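Hi,

Here is the structure I promised to pass on.

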Amino acid sequence: MRIGIIIGRIGGVDGVALETEKWIDVLKKLGHEVFIMAGEFESWNIDYEHDYLYPVLSFFSVEAEWEQRKAFFEPDKEPDALLEHVENASNMIYKTMLTWVKDKKIDAILSENASALPCHLSMGVAIKKLILKTGLPIVTHDHDFHWERGQRYVSVHPEINQYVDDNFPLLLPDVKHAAINTFGVETFKNRFNLDATLVPNVMDFNRIYGVPTPENEFFLRNIGVKEDDIALLQVTRIVRRKGIETAISLIDKLDDKKLKLVITGNNNDDENKEYYNELIDQIHELNLSNQIIFAAHKVLDHKDLSDVYAHGRAATYFSTYEGFGNALVETVLAKKPIFVNNYKPVYMQDIGNKGFETVMIEDSNLTPESVQQMSDIIYNPKRCLEIGEYNFKLGKKYFSYDVLEEKLSALFTF
């Protein structure tokens, strides 16, 4: 089957992009030919036969930025101009998609979160128009939804809110919805009386990952971690829900100048750098500037992430909310211990109940007991290895490519 994937950006290190790459690997293994239309290809060697760069689909395109601002951040007195713009922009995008579908003889569409979260209004509406026009079978890979994001996707205009509800998620007949967590499956059932397929995020447990090599020996050294330092890893983007302030507090409570917190992600998705600046203030107030390392300039792709894990002692993951938690399973793949907040709505229901050995806190509260438990692990390399091996075996059982292959075989049968 010739499968056309529509996505805002691919090749970077955000969760949607990373998971899409895994789907591509497995779809190809199943014998499908994959074509990609994306607004951005980050760290990606574009194959022009199969990859189509369409910059309008970028979340940072003029169209997307203007729509988001007028819909949710700086609305005009009347919503008419915005609605008209989205209609016109989506028509333009839809026509380009239609040409692409015909040119590449696409048999089925995979929409990567573009039909679930209204982070690019005209792209989501264009996909809906494409399916209405062509009748192509479609799988929507729904990572998260607008009602899960508090006020982020709420407009002052009822017309805009209705428009969002009418188009996100995509509720046309015969759409196959793939939700990444149990909560998503339950949401489809409770809100729309629809059956969605649970497809957990996965990792390739057959590949070498996070292993020290001569090539990565100095990777952490080159970003400021000395040879006798101990690196804790915060392998996430810098956005508020990642709970990075809790990881910084942990460094403060452990009170060891040899401990370094390496934050790998950038702050591109942090509106006006508001959260990033709060973290800077926190670091300044706690006098931790020599122990907190922002490393996004060095961590640009998957290989770099593997190199980071190779020489880290353990990982912090104190998120308050996640659609799934890629970095958590990635840490399991790298055989490193992880310290986690019981993030909603996923952790205990989809991951924590599998039996992984972690130190878990509730409501971002670093109790003296939990800090001591983390300390006991951090300063016991032998224990770190034992935990890593134990969790790896569980991860392979529940979150491997074998699991994904079984799920995609069923989804892409039309």
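Met37 stands opposite Tyr52 in β3. Three bridges join β2 to β3 (residues 51-53), and the two strands run parallel. On another pairing, Met37 in β2 has Ile6 opposite. Strand β1 (residues 2-10) pairs with β2 in the parallel sense over eight bridges. Getting from β1 to β2, the chain passes through helix α1 (residues 15-29), and this β-α-β crossover is right-handed (with the strands pointing away from the viewer, the path from the first strand over the helix to the second runs clockwise). Strands count as paired if DSSP finds at least two bridges between them, and the elements are DSSP runs numbered from the N terminus: helices are H or I with at least four residues, strands E with at least two.

Before I go on: this is a predicted model, where local features need pLDDT of at least 70 and side-chain atom pairs count only at pLDDT 80 or more, while totals for chains, interfaces and linings use all residues. Residues are numbered from 1 along each chain as its sequence is written, and side-chain values use heavy atoms, with hydrogens and water left out.

Back to the sheet. It is open and has seven strands in the order β3-β2-β1-β4-β5-β6-β7, with parallel pairing. β3 and β7 (197-198) stand at the edges with a single partner strand each, so one side of each has no neighbour in the sheet. Strand β2 (residues 33-41) is largely enclosed by the rest of the structure, because seven of its nine residues are buried (under 20% relative accessible area, with exposed being over 50% and partly exposed in between, using a 1.4 Å probe and protein chains only). Further along, four bridges join β5 (residues 138-142) to β6 (residues 176-179), again in parallel, and Thr140 has His177 in β6 as its bridge partner.

Helix α2 (residues 62-73) has these buried residues: Ala64, Glu67, Gln68, Lys70, Ala71 and Phe72. They pack against α3 (80-103), α4 (121-134) and α5 (158-167).

Then there is Gln234, which sits in strand β8. Gln234 is buried, at a relative accessible area of 0%. Leaving aside residues up to four places away in sequence, its contacts (heavy atoms within 4.5 Å) include Lys242, Ile263, Thr316 and Tyr317. Gln234 and Ala196 are 38 residues apart in sequence and 32 Å apart in space, C-alpha to C-alpha.

The search used a 1 Å grid over the protein atoms alone: a cavity is a set of points where a 1.4 Å probe fits but cannot get out, a pocket is an open set with protein on both sides within 12 Å along at least five of seven lines, and lining residues have an atom within 4 Å of a point. The whole structure has one cavity of 30 Å³ or more.

Of its 30 lining residues, Pro212, Ala310, His311, Gly312 and Lys336 are the closest to its centre. The largest share of the lining, six residues, comes from α13.

Cheers

Methods
Grid points are joined across faces, edges and corners, and a volume is the space filled by probe spheres set on the points.
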